[in-house]
Amino acid sequence: MNFKNYEELALEFPSRINFLLGLNGSGKTNLLEAIYYLSTTKSFSNSSDTQNIRYGADYFFIRGFFTNTNKRSEVFCQIQSGRKKVFQENSRDYEKISDHIGKYPVVLISPLDVDLVKESSEARRKFFDQMIAQIDHSYLNALLEYHHALKQRNALLKLFAENNSIDYDIIDLYDQQMARSGGVIYQKRKAFVAEFLPIFNASYNLLVDNREEATLAYASELESAEFEAGLKSSIKKDLILQRTTFGVHRDDYVFGFAHGELKRLGSQGQQKSFLVAIKLAQVEVIKSHLGFSPILLLDDIFDKLDDTRIARLLRIISGADYGQSFITDAGPERTQAMVNELEIDCDIFSVEKGSIQFSSIK
Amino acid sequence: MDYPSKLIEEAVAQISKLPGIGKKTALRLVLHLIREKEESTFALTEALNKLRSGIQFCSQCHNISDAEVCSICVSHKRDRSTVCVVENTNDVMAIENTSQYRGLYHVLGGVISPINGIGPSELKIESLLNRLNHGQSEVKELILALSPTMEGDTTSFYIHRRIKDFPVKVSVIARGIPVGGDLEYADEITLGRSIIGRTLFN
C-alpha cells in the first residue's frame with residue numbers, strides 16, 4: 001500500500017519461479033524491493049525509509065506472508081513520515097528491529113552489484129562482513145569492538161597533534177584492544193574465504209562452463225606482520241597522517257580471472273558473471289547454515305549476460321535445491337522464448353504502471 | 001518551532017542544552033517560570049550564580065567541596081590508606097550511600113575517550129600519581145571503581161600501567177550479577193565474568 005509507484009496491490013506467489021515482465025519504469029524492481037524490505041527491514045536503493053512512500057501519500061505499508069515447511073508467518077512493515085518505523089512479525093513488535101534481519105533471508109542480484117567490483121575495498125569488506133556475521137555472531141562483536149577502538153585511536157592521534165604531545169602508554173592500550181579484536185577478525189575472514197572459495201568456484205563453473213577461471217583472494221596486511229608489531233611500526237606515519245594506517249580495516253578481497261584483475265581487465269559481462277557466481281555462492285552459504293534456501297531476487301540480470309549464461313543461470317536456480325526466485329526483465333519475448341526452450345515451471349506476471357497482471361503459467 | 005517571543009526562544013535554547021532536557025520540556029519550564037512570581041525566578045538565577053562562582057573542588061581528591069579541602073579528605077574518621085578512584089562526584093555520592101566504604105576518594109573528572117576530546121591529560125591522573133608519589137604517602141591500596149565500559153576499562157588499564165612501579169596494591173570493584181536480579185536475565189558477558197570472578201562462599 002502506497003509503496004513507491006504502487007497505490008494498492010495484493011499478490012500471491014505460489015510458484016517457485018516468478019517472472020515479472022514489463023517496460024522500464026513500470027515498477028518491476030519496486031516489487032522486488034518490497035520483498036527485500038520485509039527481509040532486511042530496509043530498501044536497497046534509498047537510504048531513507050520515507051523516500052519509498054508513494055508520491056502524494058504520507059505513509060506506506062508492506063505485509064508479507066512467508067511459508068516455510070508448513071509454517072506460515074506474517075511480516076509487516078509500516079513507514080509514516082514523522083513516526084517511528086513499525087516492524088512486526090506475526091503482529092508482534094521487535095525489541096530491536098535489527099533482530100529481524102536474517103530470519104527471512106533474501107539474496108539480491110542486481111545491476112548495483114557491480115559496485116562490489118568497481119568501488120573501494122570498503123564495499124567488498126561490507127559484503128563479506130555481512131555474510132560472516134550472518135553465520136557467526138561473535139564476529140559482529142569483534143567488528144564492533146575493533147571499530148570502536150580504531151575510532152578512539154584515530155581521535156587520539158588527532159588529540160596528540162592538537163596538544164603537541166604524545167603519550168605512548170595510552171596508544172599502547174588501544175593497540176592491544178585493536179590487536180585482540182582485529183586478530184579474531186583476521187582469523188575469521190581468512191577461514192571464511194578458505195571455506196567460500198570452493199563454493200564460489202563451483203558456482204562459477206556451473207555458470208560459465210569451465211572455460212574461464214576465476215579467483216578470489218583475501219588480502220590483509222596481517223599476512224606479513226603480527227598485529228601489535230604492525231601498529232608499532234606504522235606509528236610514525238600514523239602520527240603524521242592522524243589516522244591508523246595498519247590493520248584489518250584496510251583488508252581487501254581481490255577478484256581476479258585468468259587474465260588478471262577483474263576490476264581493470266574484466267569486461268562488463270565477465271564482471272557480471274563473476275558477481276552472479278558470488279551471489280550464488282552466498283545462497284549456498286546461507287543454505288548450509290540455515291538448512292533452507294533464501295529467496296532469490298534477480299533484478300535485470302539479462303542485461304550484459306549472454307544467452308548461454310542466462311540459460312545456465314535459469315537452470316541452476318530452477319534446480320530442486322533452490323528456493324523461491326523472483327526475476328525481472330524488460331524484454332518479455334526473450335523471457336518467454338527462454339522459458340519455453342528450457343521448459344521451466346513458472347508463473348509470469350506482467351507489470352504495468354503500478355498494477356500487476358498474472359499473465360500465464362508455464 | 002515558532003516562539004511568540006525572541007526572549008522565550010533564547011531561554012529555551014539555553015535550558016535545552018542541559019542533559020535530559022529537550023526543547024519541549026525546556027519550553028514548559030520557561031512558561032512555568034513566567035507564570036510564577038518574579039521572585040522565584042530571581043531566586044533561581046541567584047542560586048545558579050552563587051553555585052557557579054562559589055563552587056570549589058577539593059585540592060586533594062577533586063570532589064566538589066565548600067572548602068579548599070573537602071570534608072572527606074579532612075576527616076579523621078576516614079581510612080587514609082585506601083583511595084577509591086571514580087569518574088565523577090555522582091559516583092562518590094553513590095558509594096557514600098552504601099555506607100560500606102571508609103577510605104578516601106580520587107575524582108578523575110571523566111574517563112579516557114579521545115572521540116569526546118578527553119585524553120589522559122584532560123583527567124586528574126597526574127594528580128593521582130602525585131598523591132601516591134608523595135614522600136610520606138600513606139596510601140596502601142587503590143580501588144579502581146570506574147564504569148565497566150570500554151572507556152572505563154581503558155582508563156583503568158592506563159592508570160594501572162602508570163602506577164605499576166608504586167608500592168601500592170591495586171584492586172578493581174567486582175562485576176557480576178546484581179543483588180535481587182534474576183540469573184536467567186543477566187547478559188552473557190556479565191554472567192560469564194561473574195563465573196570467572198566467583199568468590200569463596202562463607
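Visitor: What volume does the largest pocket have?

Guide: About 2,000 Å³. This is a predicted model, where local features need pLDDT of at least 70, side-chain atom pairs count only at pLDDT 80 or more, and totals for chains, interfaces and linings use all residues. Residues are numbered from 1 along each chain as its sequence is written, chains are lettered from A and ligands numbered from 1 in the order written, and side-chain values use heavy atoms, without hydrogens and water.

Visitor: Which residues lie nearest the centre of the largest pocket?

Guide: Tyr36(A), Lys42(A), Lys126(A), Phe127(A) and Gln130(A), out of 49 lining residues. A pocket is an open set of points on a 1 Å grid over the protein atoms alone, where a 1.4 Å probe fits, with protein on both sides within 12 Å along at least five of seven lines; lining residues have an atom within 4 Å of a point. The volume is the space filled by probe spheres set on the points, joined across faces, edges and corners.

Visitor: Where does the largest share of the lining come from?

Guide: From α3(A), with eleven residues. Helices are DSSP runs (H or I, at least four residues), numbered from the N terminus.

Visitor: New topic. How many residues of chain A are in contact with chain B?

Guide: 17, meeting 17 residues of chain B. Contact means heavy atoms within 4.5 Å.

Visitor: What area do they bury?

Guide: About 1,400 Å² between them, 62% of it on carbon and sulfur atoms. That is accessible area (1.4 Å probe) lost on being put together, summed over both parts. In chain A, Gln152(A), Asp169(A) and Leu173(A) lose the most, together 32% of what that side buries.

Technical notes: Helices (H or I, at least four residues) and strands (E, at least two) are DSSP runs, numbered from the N terminus. Buried area is the accessible area (1.4 Å probe) that two parts lose on being put together, summed over both.
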